[in-house]
Amino acid sequence: MSVKFAAVKGMNDLLPPQIETWQFLEHTARQLFGVWGYSEVRTPIVEDTALFVRSVGEVTDIVSKEMYTFDDKAGRSLSLRPENTAPAVRALIEHGLAQQPLTRWFYLGPMFRYERMKTGRYRQFYQLGAEAYGAADAAQDVELIALAHSFLAAVGVKQVTLHLNSLGDPADRPRYLEALTAHFAPHVGAFSDAARDTFERNVMRLLDTKEEALRPLVESAPRLGDFLSDAARAHFGEVQALLGALKIPFVLDPTLVRGLDYYTRTTFEFVYQPVEGEGALGTAGTVCGGGRYDVLVHQLGGPEKPAIGFAMGLDRLVLLLDDLGKRPAERRPLLFLATMDGALKSQAVTLITALRQQGHQVDFDPRGGKIKRQIERAAAVKARFFAVYGEAEHQRGSLTVKNLDLPDGAPDKEVTVPLDALSQWLVNVAASLAVRPSP
Ligand code: HAM
């Protein structure tokens with residue numbers, strides 16, 4: 001009996017033609033992040049579970065409910081990475097790089113969270129992230145935010161709003177948590193089980209609750225902004241002034257507490273804001289989230305080292321670009337060469353291979369067979385031009401190239417191209433069509 005397999009729920013196959021959008025995002029990221037001085041790092045997909053417990057935080061949703069955790073054969077508890085900030089810090093410390101005054105890194109890759117699935121929320125998803133270590137200055141915060149902003153603009157996602165908040169320094173937190181607890185405590189009796197649980201485990205997370213019934217209470221809650229130390233307040237002021245100088249608009253969002261425990265001072269998110277309704281992402285509109293984490297490097301065993309970073313959800317950006325109709329141009333063969341069965345096939349394959357080695361996108365059907373079927377194949381792969389490499393062409397030393405891209409009813413347009421001029425002809429045609437250059 002045959003068994004049918006399917007991908008694990010929430011973990012998607014990424015296939016053509018949509019993969020071209022992924023490649024476009026990744027290519028743009030590598031270009032742009034390189035220009036801004038960020039170097040790529042790749043850390044393992046599996047890490048010690050304790051790394052995430054110590055950094056993201058034991059009582060966060062991510063660690064308490066969403067990690068894929070297992071024991072390996074040696075009995076160690078390992079987890080699929082739910083995010084890449086902690087692994088990057090681990091690598092920075094492990095390789096002695098935390099001693100460098102300034103380090104700027106970026107990463108691209110899959111993360112894993114056992115989340116409730118919906119549009120734009122998956123269990124294997126991809127992040128593009130950047131982390132900068134060593135500068136506590138507001139200029140560093142703003143560099144990171146401007147980098148995310150520039151990337152979103154470069155890939156054509158413009159309808160985003162930057163939400164900004166400051167969570168202050170660790171020393172500012174206890175007084176605030178006390179005030180927040182006192183604010184919610186008299187109402188806990190009327191809370192849902194989930195809200196009561198959040199109240200007990202991590203009261204600050206109540207600020208970004210999705211429960212409508214809690215809205216009024218959240219709105220009247222004490223603001224962390226009123227509890228900031230003078231230094232944290234001055235830093236936040238500077239961040240805002242610099243964003244103003246760069247003409248990057250933002251909204252202050254005192255409820256932006258983020259779902260990970262390591263944040264200090266600046267936190268931010270870019271949220272997709274369609275003109276009407278919810279748009280392609282439904283309620284999963286946050287395409288980028290990040291912030292400062294000035295104590296994490298030390299907390300994970302490194303030196304005192306301020307740091308800030310962000311990560312973008314690539315799955316969400318792909319959905320958005322699709323929805324905005326911004327697919328990269330389809331990859332299409334420039335020329336499809338039909339081959340004859342027999343001795344000439346080897347000549348044709350040699351020619352095709354040579355053209356491909358020169359970077360031309362030339363296609364053929366390795367099965368050969370009837371010319372009619374090969375024309376159909378050329379149409380199926382959307383080749384722009386078609387030619388047959390037959391006995392006559394071989395003798396003449398030239399091909400009759402037919403333009404398949406003409407609208408229906410237009411007279412067939414054919415040109416004769418000498419075989420030894422074919423490569424240059426393809427270069428000229430590619431240039432005139434402005435097709436994508438070969439890699
Ligand atoms: P995060 O807010 O948990 O932050 O994730 C960042 C982004 O990843 C989100 O804004 C979203 O676009 C995407 N994302 C998260 N979960 C999913 C999911 N289940 N499916 C699809 N996309 C998702 C972090 O991960 C931090 N490490 C960011 C950071 C870097 N902070 C400082 N440095």
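The following legends describe close-up views of a predicted model.

**View 1. Shell of residues around the ligand.**
The shell around the ligand consists of 27 residues, of which Glu83, Thr85, Glu115, Tyr122 and Tyr263 come nearest. By residue class, this shell divides into 11 nonpolar, nine polar and seven charged members. Strand 6 (124-133), strand 10 (286-292) and strand 11 (307-313) each contribute at least two residues to the shell. Strand 10 provides the largest share, with six residues.

In the side chain of glutamate 83, an N or O atom is placed 2.7 Å from a nitrogen atom of the ligand. Threonine 85 brings a polar side-chain atom to 2.8 Å from a ligand nitrogen atom. Glycine 309 takes part through its backbone, with an N or O atom 3.5 Å from a nitrogen atom of the ligand. The ligand taken alone exposes 660 Å², and the protein buries 95% of that area.

Glutamate 94 and arginine 90 form a salt bridge in which the closest N and O atoms are 2.9 Å apart. Both residues belong to helix 4 (residues 85-94), where they are four residues apart, or about one turn of the helix. Glutamate 94 counts as exposed because its relative accessibility is 54%, above the 50% cut-off. Arginine 90, at 22% relative accessibility, counts as partly exposed. The structure as a whole holds 24 salt bridges.

A salt bridge joins glutamate 143 to arginine 104, with 2.9 Å between the closest N and O atoms. The pair links distant parts of the chain, since glutamate 143 lies in helix 5 (residues 138-154) and arginine 104 in strand 5 (residues 103-112), 39 residues apart. Glutamate 143 has a relative accessible area of 17% and is therefore buried, the cut-off being under 20%. Arginine 104 counts as partly exposed, at 29% relative accessibility.

**View 2. Salt bridge between two loops.**
The side chains of aspartate 405 and arginine 332 meet in a salt bridge with an N to O distance of 2.7 Å. Aspartate 405 is located in the loop between strand 15 (398-403) and strand 16 (414-418), and arginine 332 in the loop between helix 11 (314-323) and strand 12 (335-339), so the pair ties together parts 73 residues apart in sequence. Aspartate 405 counts as partly exposed, with 37% relative accessibility.

**View 3. Salt-bridge network.**
Salt bridges link Arg30, Glu40 and Arg42 in a network.

**View 4. Nonpolar surface patch.**
Ile45, Val46 and Phe70 make a nonpolar surface patch of about 210 Å². Isoleucine 45 is situated in the loop between strand 1 (39-40) and strand 2 (46-48). With a relative accessible area of 35%, isoleucine 45 is partly exposed.

**View 5. Loop position of proline 274.**
Proline 274 is found in the loop between strand 9 (264-272) and strand 10. Its relative accessible area of 17% places proline 274 among buried residues, because buried means under 20%. Proline 274 and aspartate 363 are 89 residues apart along the chain, and their C-alpha atoms are separated by 41 Å.

Conventions:
Residues are numbered from 1 along each chain as its sequence is written. This is a predicted model: local features need pLDDT of at least 70, side-chain atom pairs count only at pLDDT 80 or more; totals for chains, interfaces and linings use all residues. Side-chain values use heavy atoms; hydrogens and water are left out. Patches are made of residues with over 30% relative accessible area and no salt bridge: like charges are joined within 9 Å, nonpolar side chains (Val, Leu, Ile, Met, Phe, Trp, Tyr) within 5 Å. Accessible areas come from the Shrake-Rupley method with a 1.4 Å probe; for residues, only the protein chains shown count as cover. A salt bridge is a side-chain nitrogen of Lys or Arg within 4 Å of a carboxyl oxygen of Asp or Glu. Buried means under 20% relative accessible area, exposed over 50%, partly exposed in between (1.4 Å probe, protein chains only). A residue is near a molecule or strand if one of its heavy atoms lies within 4 Å of it. A polar contact is a pair of N or O atoms within 3.5 Å; within protein, one must be able to donate a hydrogen and the other to accept it, and residues adjacent in sequence count only if both atoms are side-chain atoms. Ala, Val, Leu, Ile, Met, Phe, Trp, Tyr, Cys and Pro count as nonpolar, Asp, Glu, Lys and Arg as charged, and the others, Gly among them, as polar.
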